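Hi there,

Here is the structure I promised to pass on. Please have it open while you read my notes.

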Amino acid sequence: MDLQRIARTILPDRAVTSLRRAKWARECRRVASLPPLTEEDFRGILVNDLNLKQGDLVYVHSGMDGLNLEFPFYRVLFLIREAIGPAGTVLFPSYPNHRISSYDYLRQGKVFDVRRTPSYVGILTEFARRQNGAVRSLHPTKSVCAIGPAAEQITSTHHLSPYPYDTCSPYYKLIEGRGKIVGLGATTNYISFGYCVDDALKEKFPVRVYHDEIFDAPCINYQGERVTVRTYAHDMSRVVHPDMPGWFQKNVSAEACRDLKVRGMRFFRADAPKLFAEMMGLAERDVVAYPRSVYRK
């Protein structure tokens, strides 16, 4: 059992939260002490380190506090779009639950309005959601915002399955579209794409990752109509990933996924179809990114 899991087991929630915030504050101070990145520096990282190309489909995880930028944060979106060009499509998580789990959010019975409910997964995701032409998937907890020619196609069916990461989801469509996943100021501890493997295998997956309860979540679609979206919610007592960067380094190829440190700042890159194929092969041998203590009995 890793130290973080031990801490969660023996310490009050308030103490665990305090320790987590202190750790993040130290990291923010470290990043702020680094030489800032210019727009030209950032372009180089996108193209040379994260391997973005014209026409790419790319899903972006971001932590602006993890970057020391010489330019305004919102320019990041435009630099990404410049790197992938007019034929490329960029996606961001746009989850509505703020500092609570999806399960707790759904139990509150709040109405998710695809047009107006804010994203609470970082300032860049909310900026992207507000762009003209941005399209958001109709999912009450795992919504994805997309900008570009594939935006409508990749977000249009997310509400059709109770499993938020299966074949109807934008996450899974990254595989079909030969998409890429990148982290900006973030590590693979935040990568959500791996849940596609959980949902592909469902009951055959070694860990029961969802609560048994299925929610009928109230939502409002782009036509202003109130609709119900059925979904499961993760059981956070089982969805435990102690060290994703270490797990990826040990178990998957560098071509599939790898964490990077560029100019002292944290990034990662992943190839969606390669990563999915390798993680599926591992899961079929009961090798998954969860501790043995949460495996099905």
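This is a predicted model: local features need pLDDT of at least 70, side-chain atom pairs count only at pLDDT 80 or more; totals for chains, interfaces and linings use all residues.

Residues are numbered from 1 along each chain as its sequence is written, and side-chain values use heavy atoms, with hydrogens and water left out.

Let me start with two helices. (Helices are DSSP runs of H or I with at least four residues, strands are runs of E with at least two, and both are numbered from the N terminus.) The axes of α10 (residues 244–251) and α11 (residues 272–283) come within 12 Å of each other and cross at roughly 85°. Those axes are lines fitted to C-alpha atoms, for helices over the stretch in contact, with angles running from 0 to 180 degrees between N-to-C directions. The two helices are therefore roughly perpendicular, a label for angles of 65 to 115 degrees. On the α10 side, Trp247, Phe248 and Asn251 meet Leu275, Met279 and Leu282 of α11; contact here means heavy atoms within 4.5 Å. These residues divide into 5 nonpolar, 1 polar and no charged. (Nonpolar covers Ala, Val, Leu, Ile, Met, Phe, Trp, Tyr, Cys and Pro, charged covers Asp, Glu, Lys and Arg, and the others, Gly among them, are polar.)

Next, the cores. A nonpolar core is a set of buried Ala, Val, Leu, Ile, Met, Phe, Trp, Tyr and Cys residues joined through side-chain atoms within 4.5 Å. Buried means under 20% relative accessible area, exposed over 50% and partly exposed in between, using a 1.4 Å probe and protein chains only. The largest core has 48 residues, and those touching the most other members include Phe205, Phe248, Leu275 and Tyr290. Elements that each supply at least two residues include β1 (57–62), α9 (195–201), α10 and α11, and α11 gives the most, with 7 residues. A second, separate core has 33 residues, among them Val31, Leu34, Leu67 and Val182.

Now the rings. Rings of Phe, Tyr and Trp (its six-membered ring) pair if their centres lie within 6.5 Å, and planes under 30 degrees apart are stacked, over 60 edge-to-face and the rest tilted. By this rule there are 15 aromatic pairs. The centres of Phe73 and Phe127 are 5.9 Å apart and their planes stand at 75°, so this pair is edge-to-face. Phe73 sits in the loop between β1 and α4 (75–84) and Phe127 in helix α6 (residues 123–129), 54 residues apart. Phe73 is partly exposed, at 25% relative accessibility. Phe205 and Tyr290 are also edge-to-face, 5.8 Å centre to centre with 80° between the planes, and they lie 85 residues apart in the chain. Phe205 is buried at 2%, and Tyr290 is buried at 7%.

Met244, in helix α10, is buried with a relative accessible area of 6%. Leaving out residues up to four places away in sequence, Met244 touches Thr188, Asn189 and Ala289. Ser137 lies in the loop between β4 (135–136) and β5 and is buried at 0%. With that sequence limit of four places, its contacts include Phe112, Val114, His158 and Pro170.

Best wishes

Definitions and conventions:
Angles under 35 degrees count as roughly parallel, over 145 as roughly antiparallel, 65 to 115 as roughly perpendicular and the rest as oblique.
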